[in-house]
Amino acid sequence: MGIPFHKYSATGNDFVLIDDRDGLFPVENRELLQKICARRTGVGADGIILLQTSEKYDFRMRHFNPDAGEAEMCGNGARSLIRFAFRLGLIEDKTRFESMFFVHEGRIDNGEIKIKMNTPRNLEPRKEAGAPSGFEAGGYVEIGVPHYVLFLEDVQSLDVAQLGSGFAHHPVFPKGTNVDFVEIQNEHELKMRTFERGVEAETLSCGTGATAGAILANLLGKVTAPVTVQVPGGTLKIDFDTEYENIWLSGPVDEIYRGELLL
């Protein structure tokens, strides 16, 4: 049996998207989820996203990490799904859809895909977790998923895999956390690299991470909105109000290819 799929990239964050409105995809098959995401032996992706039916909204989003764990939210994944839903004819230039715990608002504007991000929760500036010399502990925040932000002068030379893994599973974070390494470029621009929980590696982009970095940088007086975030896979933009109640993440999304999963 074959399952049609689409491969999307949101500034280097890549996803396998599946139209699962019939609800037949075997989400309980963890081995299959892991195999699909595996690079070289599978399709290869930072996650699998299912588009499912919703009783109240345009569609429902379910996102699975490469370790087969289901994620609460993924900013770039949500942006990719908005473009996928548009391609399927389910939406026009605006949408409201649901994920595991949240309802989201999205827009398509001049080729950019935008999503209104969750209001930050548990925003704690300067939360320490054994930050080594040369790092400034920016803080912790949940933007649908948890993020720990560290500021430093040069992100390019970092061993993100090693450092990120240590912070992601530090005892301070009993449920684990994503880890963002942020370099301030100027009042409106950041440079960032992210270690993603569940992927257990550095990804080329992270939408919730870019949002977390911008919010904490603003809270500490380092930047003001709007903020451009340079990630290894491209450029993301974050705009927000002073109360952090209207946060918008925007950037490009590209369809890379289509295929059929052979089970």
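Biologist: Why is G23 called partly exposed?

Modeller: Its relative accessible area is 49%. Buried means under 20%, exposed over 50%, and partly exposed is what lies in between (1.4 Å probe, protein chains only). So G23, at 49%, counts as partly exposed. It's found in the loop between β2 (13-19) and α1 (30-37). Bear in mind that this is a predicted model, where local features need pLDDT of at least 70, side-chain atom pairs count only at pLDDT 80 or more, and totals for chains, interfaces and linings use all residues. Residues are numbered from 1 along each chain as its sequence is written, and side-chain values use heavy atoms, with hydrogens and water left out.

Biologist: What makes R258 exposed?

Modeller: R258 has 52% relative accessibility, so with the cut-off at over 50% R258 is exposed.

Biologist: Where does R258 sit?

Modeller: In strand β18 (residues 254-262); strands are DSSP runs of E, at least two residues, and helices are runs of H or I, at least four, numbered from the N terminus.

Biologist: What makes the R258 and E255 side chains a polar contact?

Modeller: Their distance is 2.9 Å. The term needs a pair of N or O atoms within 3.5 Å; within protein, one must be able to donate a hydrogen and the other to accept it, and residues adjacent in sequence count only if both atoms are side-chain atoms. So the pair at 2.9 Å qualifies.

Biologist: Which residues does R258 contact, leaving aside neighbours within four places in sequence?

Modeller: F5, H6 and R87, where contact means heavy atoms within 4.5 Å. The C-alpha atoms of R258 and R87 are separated by 13 Å.
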